Amino acid sequence: MEKDITTYTAAMDSKWSSGVMSAETTVAAGVSATDSWTNVPSSILSLLPRRLHLQPSHPIALTRELIESRFPSPTYAHYNNLSPIVTVAQNFDSLGFPADHPGRNRSDTYYINKDTVLRTHTSAHEVDIFRQNASQGYTISADVYRRDAIDRSHYPVFHQMEGSRMWDRRGVPGGNIAKAVWDDLEKISKHNLEVEDPSPTVHPERNPLQADYHSLGEVEAIAAHLKRSLEGVVVELFSKARQAAAGANSIDAKDPLSDEPLKVRWVEAYFPFTSPSWELEVFWQDDWLEILGCGISKQHLLINAGVPDQIGWAFGLGLDRVAMLLFSIPDIRLFWSQDKRFLSQFTSIDDIRPFKEYSKHPACYKDMAFWLRSSSSSAGGGLRSNAQDFHENDVMEVVREVGGDLVEDVRLVDEFQHPVSGRKSLCYRINYRSLDGTLTNKEANQLHQGVKEELMKRLGVELR
């Protein structure tokens with residue numbers, strides 16, 4: 001693994017711009033030495049160069065382009081080429097993650113070594129961009145990495161987009177932030193969305209004002225600017241999705257239903273980096289769907305970045321999830337397909353079409369039961385699984401390493417504790433299914449046997 005990491009980080013060093021990273025925090029290939037924290041498998045390393053959000057005509061790239069179109073230059077700078085290799089300080093410390101936060105665990109995060117990780121969110125770059133202070137606003141789009149479950153909507157590599165808009169007390173007339181924001185709000189085009197927003201802008205318990213830094217008038221102005229900006233994103237995305245769905249179903253684009261306004265609603269929320277905070281939901285296909293989270297940026301982040309006089313908003317969303325809705329893509333694994341039958345269906349943001357399945361292949365289910373070790377021998381996320389430190393993500397990682405994208409989902413279907421010995425047994429059901437061709441029972445059996453052998457070797461379990 002050390003050779004793999006050194007090879008990949010050295011090869012990729014020239015492919016990513018250092019962006020706004022300072023010399024002190026830019027991760028060079030020389031920081032790629034492995035240690036006891038290293039847990040990045042070669043299958044994940046092999047995906048680093050793919051960068052789907054930058055591939056021409058890829059649905060994730062098209063989704064990014066559509067959203068970026070609502071945040072024009074020069075007000076907004078767009079950062080799409082930042083290295084996925086970041087320091088622990090960037091990914092966690094700069095954002096105020098507590099030392100015991102579960103996101104820091106090796107069971108959740110891919111560590112290159114104890115000081116270096118594959119970013120788990122685009123916010124790993126946030127403080128650096130605030131510090132550079134090169135524009136009033138920005139967006140970041142990037143591939144992010146997390147150890148996770150295996151199913152049709154989760155993948156260990158996915159794509160996030162975040163954005164922010166700031167105002168500087170020293171740069172607006174008379175230091176009047178509220179007036180400057182209201183003036184800027186008038187420059188944003190209005191829409192015909194049907195908006196539900198029943199809650200007050202702030203609430204002392206549910207959605208508190210950062211009273212030490214912000215006035216209510218400032219936050220009300222910034223919240224209005226934030227909401228209209230993001231409502232415009234919904235208009236851009238779901239108007240395209242509606243047109244695509246109408247075309248696919250041969251519905252007249254002038255059908256009265258197509259003229260009904262889109263419906264959105266704002267819901268109070270909690271996020272660690274904003275307060276007050278909201279989620280934006282859209283009513284789509286007879287259901288309310290959460291699209292993004294947002295709020296007024298926590299002032300301590302701006303203070304830590306050396307720009308204490310700035311105040312503004314931020315948002316974040318999952319590009320994969322939005323692209324699945326926009327293009328009617330049923331399985332997240334499809335994004336990684338290099339089959340022309342998939343890629344040829346997408347062309348440009350001016351021609352959004354729903355995905356058409358080109359093949360359907362049967363599922364092949366295999367069960368796997370094992371006993372956990374009965375005595376503790378390592379920390380969580382380690383190489384040996386016992387009842388004290390076992391983490392399900394360790395199983396998922398082994399299954400991914402052996403089965404790759406031929407595994408559609410993995411579910412825990414049974415657990416049992418022996419009444420005498422106290423040993424714990426787990427049974428997982430693995431669904432093997434190829435997206436591109438029929439997987440025979442013999443091939444599935446070979447994969448399943450490989451999974452069992454690797455589980456015994458790496459996690460020390462005892463098969464039942």
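I counted two strands as paired if DSSP finds at least two bridges between them. Strands (E, at least two residues) and helices (H or I, at least four) are DSSP runs, numbered from the N terminus.

The model is predicted: local features need pLDDT of at least 70, side-chain atom pairs count only at pLDDT 80 or more, and totals for chains, interfaces and linings use all residues. Residues are numbered from 1 along each chain as its sequence is written, and side-chain values use heavy atoms, with hydrogens and water left out.

Entry: strand β14.
I looked up methionine 368 and found tyrosine 428 as its bridge partner in β14. Strand β12 (residues 364-371) pairs with β14 in the antiparallel sense over eight bridges. Strand β13 (residues 407-417) also pairs antiparallel with β14, over nine bridges; there, leucine 426 is the bridge partner of glutamate 415. The β13-β14 hairpin has six residues between the strands, and glycine 422 in this hairpin takes a positive phi near 80 degrees.

I then checked burial (buried is under 20% relative accessible area, 1.4 Å probe, protein chains only). Seven of the nine residues of β14 (residues 424-432) are buried, so the strand is largely enclosed by the rest of the structure.

Entry: cores.
I took a nonpolar core as buried Ala, Val, Leu, Ile, Met, Phe, Trp, Tyr and Cys residues joined through side-chain atoms within 4.5 Å. The largest has 71 residues, and Leu118, Leu230, Phe238, Ile329 and Phe335 touch the most other members. Helix α7 (residues 216-248) gives the most to this core, with twelve residues. Another core, of 22 residues, lies apart from it and includes Leu426 and Leu447.

Methods:
Buried means under 20% relative accessible area, exposed over 50%, partly exposed in between (1.4 Å probe, protein chains only).
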